[in-house]
Amino acid sequence: MEEIGLIHYLSVAAALFGLGLFTVMTRKNAVGILLGVELILNAAALNFVAFEHFVAGGVSGQVFTVFIIVLAASEAAIALAIVLQVYRNHRSIMADQLTSLKN
Amino acid sequence: METRTFDNVASLAYFAPELGLIAAVLLLVVWDLASPARLKIAGLVVISLAALAWSGGMGAYFLAKDAGPHELFHGLLAFDRFSNLFRVIFAFVTGAIVLFSVPPRGPGVAPELRRDQGEFFTLILVLSLGMNLMAASRHLLLIYLSLELVSVMSFVLAGFKINDARSSEGALKYVIFGGVASGIMLYGMSWIFGITASMHLGECAARIAALTAQQGKVPEVVFVGTACMLAGFGYKISAAPFHMWTPDVYEGAPTPVTAFLSVGPKAAGFAVLVRFFSDALGAGSASPAVATPWPVLAGCLAMATMTIGNLSALGQENVKRMLAYSSIAHAGYMLLGFSVFSDAGVAAIAFYIVTYCFMNLGAFMVVMAVAEQSGGDETLSAFRGLGRRAPLVAAAMVVFLVSLTGLPPTAGFVGKFYLFSALLTAGGAWRWVLAIVGVVNSVISLFYYARVLRAMYLEKGERTEPVAVRPLLGATTCALAVPTLLLGVYWGPVYDFVASSLSMLR
């Protein structure tokens, strides 16, 4: 049986990245779009850990990943607060119904 | 001079400007809670301005002393003339925004305008700190962290008018777009890290140079990683195709925040873009042995950005939205200088940023002064007859708009002149195409700027009584108009100073 190596991790990360982009582009619900953003961030985090383990061999990739996790959490907090605010003002969080700013 | 790397303790002396900003942020939070109501806003303004004066003053002191280049915190941050020049620029911009955000006083002013000012000034100062770090980062981790620091603060500031539907909608679009852009940038960074096994830009450069020499071309992985990272940088400077958030956010956000976003983070984005390309990719090296794809990539970005920005600005009725599109176009002009990858190009960008600070901040300040007197109306109709109703402010607006168009005798003309001269000195058919597109775009921009001029001087509005502009806004507007004119006729010392500050690209 083949060992699980760098290429497998990179494939999973690339798939996550693609799914994240797809989610962002197709979802109408603001919370759904934010979930897609989380997938993209996780793809990058997985890449960092994999490259660190197989290529660089130190800890900086892991450290970077910890920072990504922390910042993803803080960004999600801000984003959800803004979503709440949008709901209060518009009574909707569907992206296609937010049209008060248009040419 | 040889670059020295300092450890954490030795770095602190060179980190003093940012330490001052951090101290001021903490002080602002305490002052907001503990101060008497009557002195509150005055205190907030004084603390903020003092911290910015410290930060900018230290930057100027380092520049005068010709300190550096060093590397701080084991190579995380660069300390060189480039970062010090941007410290001065950011301190100036943030100081203008602080003056700009002082809420009106007296009877008849809506109380919500004077609410939450403590948070507002705190966020502005944190943003300024983030921009300083952006211009200095020399490590992938620091690039990401400082970019996120600036982004997250901008999201909150864009949605600061919490009961305004347009403000919160703009903030939501901003947070979604910012999140996606920084995610794509991170993914690109992970590939750069994967192929170079290092996060330090200098070590990345050495490894990429070795690989390029070995393969005879720039490795595909580096190209893909850089293209992904351009999403993050491009969104910060609002370059096409990452500009979609710009008009909505700029229209919805409070006007001081709009002015700030259109100048500060954009300049910081250019700083980090230039540093990444010259330090990590070695794009500025004198004679690259192999052809690199970067000049063509940057040139295409520049052309798309200015064309889209200018064409979209043509039909806008809302002046704030029009200025948002115009700020996209100006990012395009600056990208022209970037696409040359030479000392002259970088000097031209930096000088353009200086002139752009004056003219764009001034234009937004006039929009704010006018909107304040017309019940929040930011459309062209609020500007009708302004030439008679508020002659001084209207005259200042003429200076700013002429300068934004790039006509002599204003700072904008000189800035554009240096951008185009850097482009044509480098030579080649591709550069000529870029320059011609740039000139055509400048002509297009005259149409929409002239619409505001026509509304101010040739059209009659429903209201004819004089506009009572607040003294603080009027004085700051004039203070910005004077250098806009002055730099148009006597720019030599400023340009020399800026150009001599940028010996980074070698």
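Modeller: Start with helix axes: they are lines fitted to C-alpha atoms, for helices over the stretch in contact, and angles run from 0 to 180 degrees between N-to-C directions. Helices (H or I, at least four residues) and strands (E, at least two) are DSSP runs, numbered from the N terminus. The model is predicted: local features need pLDDT of at least 70, side-chain atom pairs count only at pLDDT 80 or more, and totals for chains, interfaces and linings use all residues. Residues are numbered from 1 along each chain as its sequence is written, chains are lettered from A and ligands numbered from 1 in the order written, and side-chain values use heavy atoms, without hydrogens and water.

Biologist: At what angle do α16 and α18 of chain B pack?

Modeller: About 170°, with axes 9 Å apart, for α16(B) (residues 391-405) and α18(B) (residues 429-457). The pair is therefore roughly antiparallel (over 145 degrees; under 35 is roughly parallel, 65 to 115 roughly perpendicular, the rest oblique).

Biologist: Which residues of α16(B) and α18(B) meet?

Modeller: Contact means heavy atoms within 4.5 Å. From α16(B) they include B:M397, B:V398 and B:L401; from α18(B), B:L446, B:Y449 and B:V452 are among them. By class, this contact has twelve nonpolar, three polar and no charged residues. Nonpolar means Ala, Val, Leu, Ile, Met, Phe, Trp, Tyr, Cys and Pro; charged means Asp, Glu, Lys and Arg; the others, Gly among them, are polar.

Biologist: Which residues form the nonpolar patch on the surface?

Modeller: Patch members have over 30% relative accessible area and no salt bridge; nonpolar side chains (Val, Leu, Ile, Met, Phe, Trp, Tyr) are joined within 5 Å, like charges within 9 Å. Areas are Shrake-Rupley values with a 1.4 Å probe; for residues, only the protein chains shown count as cover. Here B:L311, B:L314, B:V439, B:V443 and B:F447 together expose about 460 Å². α18(B) gives the most, three residues, and B:V443 lies in that helix.

Biologist: How many salt bridges are found over all chains?

Modeller: A salt bridge puts a side-chain nitrogen of Lys or Arg within 4 Å of a carboxyl oxygen of Asp or Glu. The search finds 19. One joins B:D66 and B:R81 at 3.3 Å, N to O. B:D66 is in the loop between α3 and β2 and B:R81 in α4 of chain B, so the pair ties together parts 15 residues apart in sequence.

Biologist: Where does a cis peptide bond join B:P409 to its partner, by residue name?

Modeller: Between B:P408 and B:P409, with omega about 5°. B:P409 is in the loop between α16 and α17 of chain B.
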